[in-house]
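Dear colleague,

Please find below the structure that I am handing over to you. My notes on what was found in it follow directly after.

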Amino acid sequence: MILALYTALVRLVLRILGARPVQVGPRAYFYTASSIPALTGRFGLINAVTLGRVVIFRDPNAMSMPHIRRHELIHIRQLEETGALRFYASYAWDYVRWRSKGCDHRLAYRQVRWEAEAYANEERSDLTDHP
């Protein structure tokens, strides 16, 4: 329920910003930051971000890379299985905990449990856009 509401809210904000999904799959809505004027040039080294069932890719090239798509679809599965509140709270907790232990941003990010699982499985060819 919360995941559906969160996804609807993210899509509404993106629509207000003038964005339209580049691709709609059975489990996700794909956007590219380059199609959202307010986000253009703001992604830096980030390839994609998952907000509910919405995935915003840095650019069309990032969206076309199968391992990046699978990585983000793993996050959607994690959200579906754990719930949005638990997922985002534990994500933030893990990141802050690793930063407080002296890890730099990149290492703390890779230590977040959800990222570790996604990176470990992003090369699996059996993961698709379909449930």
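Along strand S3 (residues 48-51) of this predicted model the side chains alternate between two faces. Buried here stands for under 20% relative accessible area, exposed for over 50%, and partly exposed for the range in between, with a 1.4 Å probe and protein chains only. Helices (H or I, at least four residues) and strands (E, at least two) are DSSP runs, numbered from the N terminus.

As to conventions, residues are numbered from 1 along each chain as its sequence is written, and side-chain values use heavy atoms, with hydrogens and water left out. Because the model is predicted, local features need pLDDT of at least 70 and side-chain atom pairs count only at pLDDT 80 or more, whereas totals for chains, interfaces and linings use all residues.

S3 pairs with strand S4 (residues 54-57) in the antiparallel sense, over four bridges; two strands are taken to pair if DSSP finds at least two bridges between them. The open sheet has four strands in the order S1-S2-S4-S3, with mixed pairing. S1 and S3 stand at its edges with a single partner strand each, so one side of each is left without a neighbour in the sheet.

The structure holds eight salt bridges, a salt bridge being a side-chain nitrogen of Lys or Arg within 4 Å of a carboxyl oxygen of Asp or Glu. One of them joins arginine 53 to glutamate 80, with the closest N and O atoms 3.4 Å apart. This pair links distant parts of the chain, 27 residues apart: arginine 53 is in the loop between S3 and S4, and glutamate 80 is in helix H3. Both count as partly exposed, arginine 53 at 26% relative accessibility and glutamate 80 at 35%. Arg27 is linked with Arg53 and Glu80 in a network of salt bridges.

A further salt bridge connects the side chains of glutamate 117 and arginine 77 (2.4 Å, N to O). Glutamate 117 lies in helix H6 and arginine 77 in helix H3, so the pair ties together parts that are 40 residues apart in sequence. In contrast, aspartate 94 and arginine 97, which also meet in a salt bridge (3.4 Å, N to O), both lie in helix H4, three residues apart, about one turn of the helix. Aspartate 94 is buried at 1% relative accessibility, while arginine 97 is partly exposed at 29%.

Helix H6 (residues 113-121) has the buried residues Trp114, Glu115 and Ala118. Seen down the helix axis, these fall within an arc of 95 degrees, so they line one face of H6; the arc is that of the directions from the helix axis to the C-beta atoms. They pack against helix H3 (66-82), helix H4 (84-100) and helix H5 (105-111), contact being heavy atoms within 4.5 Å.

With kind regards
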